[in-house]
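Reader: I have a structure to go through for class. Can we take it piece by piece?
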Amino acid sequence: MRPYPARQTFHCDLAVLPSGRVAGGVTVEVDGGSIIGITEGAPARSHAQRLPGLVVPGLANAHSHAFHRALRGRTQAPTGGRGSFWTWRELMYSVAERLTPDSYLTLARAVYAEMALAGITTVGEFHYLHHAPGGQPYSDPNAMGHALQRAAADAGIRLTLLDTCYLEGGLDASGHLPLDELQLRFSDKTAEAWASRVAAIDARPGTVTGAAVHSVRAVAPGDLTRAVAASTGRPLHVHLSEQPAENRAAQAYYGRTPTALLGESGALTPRTTVVHATHLSDGDIRILGDAKVTACFCPTTEQDLADGIGPARALADAGARLSLGSDQNAVVDLIGEARALESGERLASLRRGRFRPDELLAAATAHNSLGWPDAGVIAPGMRADLVCVRTDTVRTAGADPAQILLAATAADIDSVWVDGTPVVSAGDHRLGDVARLLADAIDDLWEDS
Ligand SMILES: [Zn+2]
């Protein structure tokens, strides 16, 4: 068991309660890491810990590849040239090939600490770097996944380890491609071997073991069906349609969109999150809405990689739920992702106010899609994840607290409690100088090259 703190009382000047309602003078009683009582409009009791600013629920980062953080500020023009998603992917692979369980622990610990500073209390790690170079299993076949579990525990946030099935090297009009040298590290060779390795992942407090299939590029339909069956009852995530090229390849070889392929393989259900619902047909939107999947948007990544703007409003109107992810971690700011979700809709539709603030907050707190149904709302029975957003910074001063997600950034987050445990206090993470941790981990990785 996680050593939960004893009973605590917090007093919030302002807090966001269910349905996005902002209330003043909110007392939050916490016991065993969970909220046991909420009182509104009460004066602060003398023993209560006062929480500054506006208190929002812990944020859920529904899609991360922690090691991509090492690429931040290293892939842009002029040194990186103009480039494309696919040239960026070459650089990403060059970082991936250097990682070991030890260096990944060091890097991921720093990245998850950066996430905690941004108010993120659960991360969904879409994890496919499983094996040693050449595809040799480590002596612990889950050494990389266990390093990520430890990194999240050290950084004080919960982890949903979305262990990813990755079996093919890609897809073009002639069919699936063989794995290249680096991709051998991603592959368990068969869906059955993937499932049995995942079954051996340690159960650890603060961790959920979920499942993922990388994409219809990397998992052919028969294996997709097997992977879906092996992951019953757990969150299942999949990259959907990030780039037009993968849609064209699926159409050319299978005569179907990636969405249709996933639907026919039984992969689209309410436990499923489709990541990068970017290039969709009207039929795709209907399929995804009817299946009540969660569509995870990663707007800062989709901007950075020139992916495009996905139909988020149309998906929500069709019945899908929405979540947000930092994906390549070029930016770690879920408030920024929420704002970019709305901004993208405005640019694409030429209309404002496409999502209400409570809808944006729901997308930024979609812990349920990561297997944590008791997180993401400040209410009795829920986990005590409390994030204080300062209302007195140059960015937030004068703003209506009800519209804070349209004004604040991650830099305005003052303090963060995860399961009632303080992880960030007055802007400082419990591990100390997170910028230093990041610089050391990333410099070491590039120096090895
Ligand atoms: Zn991704």
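Reader: How many bridges join strand 6 to strand 7?
Author: This is a predicted model. In it, 6 bridges join strand 6 to strand 7 (residues 158-165), and the two run parallel.

Reader: Which sense does strand 5 pair with strand 6 in, parallel or antiparallel?
Author: Parallel, over 4 bridges. Strand 5 covers residues 59-64, and A60 stands opposite T122 of strand 6.

Reader: Is strand 6 mostly covered or uncovered?
Author: Mostly covered: 8 of its 8 residues, 120-127, are buried.

Reader: New topic. Which residues coordinate the zinc ion?
Author: H63, H65 and H239, each through NE2, at 2.1 to 2.2 Å. Their spacing along the chain is H-x1-H-x173-H.

Reader: H63 and H65, buried or exposed?
Author: Both H63 and H65 are buried.

Reader: And where is H237 found?
Author: H237 is in strand 11, residues 236-241.

Reader: Why is H237 called buried?
Author: Because its relative accessible area is 0%, and the cut-off for buried is under 20%.

Reader: What does H237 touch, then?
Author: Leaving out residues up to four places away in sequence, its contacts include A62, F126, L162 and T273. With T273 there is also a polar contact between the side chains, at 3.4 Å.

Terms used
Residues numbered from 1 in each chain as written. Predicted model: local features only at pLDDT ≥ 70, side-chain atom pairs only at ≥ 80, totals over all residues. Heavy atoms only, no water. Buried < 20%, exposed > 50% of the residue type's maximum accessible area, 1.4 Å probe, protein only. Pairing = 2+ DSSP bridges. Donors = N, O, S within 2.8 Å, 3.2 Å for Na, K, Ca; no water. Polar contact = N/O pair within 3.5 Å; in protein donor to acceptor, adjacent residues only side chain to side chain. Contact = heavy atoms within 4.5 Å.
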